[in-house]
Amino acid sequence: GAADATEIMSPGEVVVEGVVVEQPAEQEAVRATTAGEVFCISEQTVSVTPGKLGLTFECERPLVVTRVATGSPLFGRVHAGAKLVAVDGVGATPYNIHDVKGGIFTKGQKGLLDATKAKTLIFQRNDLSGVKYVGREGIEGRLMSTDAVVDVLAMDRGLFDAANAAKARTHWGEPGNLALVDGASNPVEVCCVPPLCTFVSVMVYTYVAVIYCLAPLWCECWCCCCCRKSTPHEDMAFPDWADRALVFTDKGVVGRREFTGEVNAITWDGFRIEDVRIRTFDAPCLCTSPHYALCCVEGRDPRFDPDPLVLSCYFGFLVPCCRCALCRPEAPGLYRATISSIHKTQDGRHEHTTARIEVLALARSPDDLRSSLRAAKEKYGAPTAAVPTAPPPPPKTHTCRNC
């Protein structure tokens with residue numbers, strides 16, 4: 001009738017006052033993905049200018065990279081596990097990549113990685129190389145290329161740029177690296193708490209000031225002047241693995257140790273949801289100190305964890321009583337998350353976490369991250385074993401001898 005302005009004609013079409021409007025078709029089911037497709041084996045070509053590359057290779061596999069120095073032109077572009085295939089079209093071998101010193105009767109020879117010339121290097125990338133799942137009791141098998149991938153979390157470019165901008169202001173840590181733990185030992189939290197902290201600050205930073213030929217620095221906050229002179233800030237390049245910063249398989253969660261390090265994998269029962277540490281940057285700028293000891297209390301509010309993106313100062317007498325964030329990120333939604341394995345490894349007298357995954361600038365919110373981890377853990381984690389119960393005692397029977 002005239003009252004019916006909308007009439008369904010056929011699936012996928014709607015007539016609105018005589019105009020046919022196509023409805024969007026239902027979204028196709030997500031194609032099953034494997035770890036081999038996500039962490040694909042591919043070749044990478046990189047051109048560099050003359051200079052040292054800062055590459056460290058494995059002893060057993062001399063062409064496989066184990067570490068890329070922070071100041072290297074390859075940092076953020078080539079990662080641990082990559083295999084050097086060729087340099088300037090010449091196949092790489094363990095014997096021709098390094099310089100050979102000449103002897104009395106022999107002539108020295110430059111290697112393919114000669115630091116005095118520009119080079120084009122070809123790497124074979126395989127992020128699965130040697131990665132093993134760490135479970136509750138230890139190693140539980142290798143990360144296989146056939147492992148089913150159930151979810152992939154990517155980084156947000158805008159949040160990543162905001163992290164670089166924040167580190168440019170705080171200026172702590174090594175240039176070109178946003179990792180929480182890196183080679184630098186610069187503090188990101190300072191204390192003006194007399195008498196002890198102030199005395200230590202005066203002694204340490206007076207020595208630092210003399211080394212850099214500056215006047216004595218009587219406040220820890222001015223140490224950044226020395227830091228800026230010795231290590232000027234450098235943005236970290238947006239990594240090529242940003243689209244797979246955190247990967248969920250049917251066996252566990254996979255990501256990078258210390259944000260830019262080697263790939264770690266933890267089984268779903270190998271970590272606790274309550275131990276996932278999410279460090280947001282929305283703490284009050286000026287607040288009562290969350291510490292109950294000299295600037296270090298384990299298990300405190302994650303918003304007050306030391307981080308190279310934040311420079312904060314604590315004030316008080318004998319113990320810190322208030323905290324002031326001098327510099328911090330200005331991007332809402334930026335956070336750092338750390339997933340640590342339950343299993344610990346004993347290294348001599350020290351015990352350290354066997355596997356740790358650190359992510360920064362994820363596109364998903366902290367609540368979404370926790371929800372995704374919890375849902376995957378409940379679905380794919382090992383079921384909780386039922387506590388065996390003792391069988392009920394047999395019923396007592398009465399035997400009558402006179403029957």
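## Basis of the model

The structure is a predicted model, in which local features need pLDDT of at least 70 and side-chain atom pairs count only at pLDDT 80 or more, whereas totals for chains, interfaces and linings use all residues. Residues are numbered from 1 along each chain as its sequence is written, and side-chain values use heavy atoms, with hydrogens and water left out.

## Overall composition

The chain contains five helices and 25 strands. These elements are DSSP runs numbered from the N terminus, with helices (H or I) of at least four residues and strands (E) of at least two. Of the 403 residues, 40% are buried; buried denotes under 20% relative accessible area, exposed over 50%, and partly exposed the range in between, with a 1.4 Å probe and protein chains only.

The accessible surface of the chain is about 23100 Å², and carbon and sulfur atoms hold 57% of it. Accessible areas follow the Shrake-Rupley method with a 1.4 Å probe, and for residues only the protein chains shown count as cover. Among contacts in the chain with a separation of 6 or more, 66% link residues 24 or more positions apart; a contact requires heavy atoms within 4.5 Å.

Strands of a sheet pair through backbone hydrogen bonds, in either a parallel or an antiparallel sense. Here two strands are taken to pair if DSSP finds at least two bridges between them.

Strand β5 (residues 42-48) is joined to β10 (residues 119-125) by seven bridges, and Glu43 has Gln124 of β10 as its bridge partner. Four bridges connect β10 with β8 (residues 83-87), while two bridges join β8 to β9.

## The three-strand sheet

A second open sheet is formed by three strands in the order β18-β22-β25, again with antiparallel pairing. Strands β18 (277-280) and β25 stand at its edges; each has a single partner strand, so one side of each lacks a neighbour in the sheet. The twist from one strand to the next averages 15 degrees, where axes are lines fitted to C-alpha atoms (for helices over the stretch in contact) and angles run from 0 to 180 degrees between N-to-C directions.

Four bridges join β18 to β22, with Thr280 opposite Tyr335 in β22. Between β22 and β25 there are five bridges, and Ile339 has Ile357 of β25 as its bridge partner. Strand β25 is mostly covered, with four of its five residues buried.

## Nonpolar cores

A nonpolar core is a set of buried Ala, Val, Leu, Ile, Met, Phe, Trp, Tyr and Cys residues joined through side-chain atoms within 4.5 Å. The largest has 39 residues, of which Leu246, Val253, Phe259, Phe271, Ile339, Leu369 and Leu373 touch the most other members. Two or more residues each come from α2 (157-170), β15 (246-249), β22 (335-340), β25 (356-360) and α5 (366-380). The greatest contribution is that of α2, with four residues.

Beyond its neighbours within four places in sequence, Phe259 is in contact with Met155, Phe160, Leu178, Ala179, Met236, Trp241, Glu358, Val359 and Leu360. A second, separate core comprises 20 residues, including Val48, Phe57, Ile97 and Leu121.

Leu84 lies in strand β8 and is buried, with a relative accessible area of 1%. Not counting residues up to four places away in sequence, Leu84 touches Phe57, Leu63, Ala92, Ile97, Leu113, Leu121, Ile122 and Phe123. Its C-alpha atom is separated by 9.2 Å from that of Pro62, a residue 22 positions apart along the chain.

Thr249 belongs to strand β15 and is buried, with a relative accessible area of 0%. The side chain of Thr249 reaches the backbone nitrogen of Lys251 at 3.1 Å. Leaving aside neighbours within four places in sequence, Thr249 is in contact with Tyr133, Leu143, Asp147, Ala148, Val149, Val150, Val254 and Trp268.

Methods
Polar contact = N/O pair within 3.5 Å; in protein donor to acceptor, adjacent residues only side chain to side chain.
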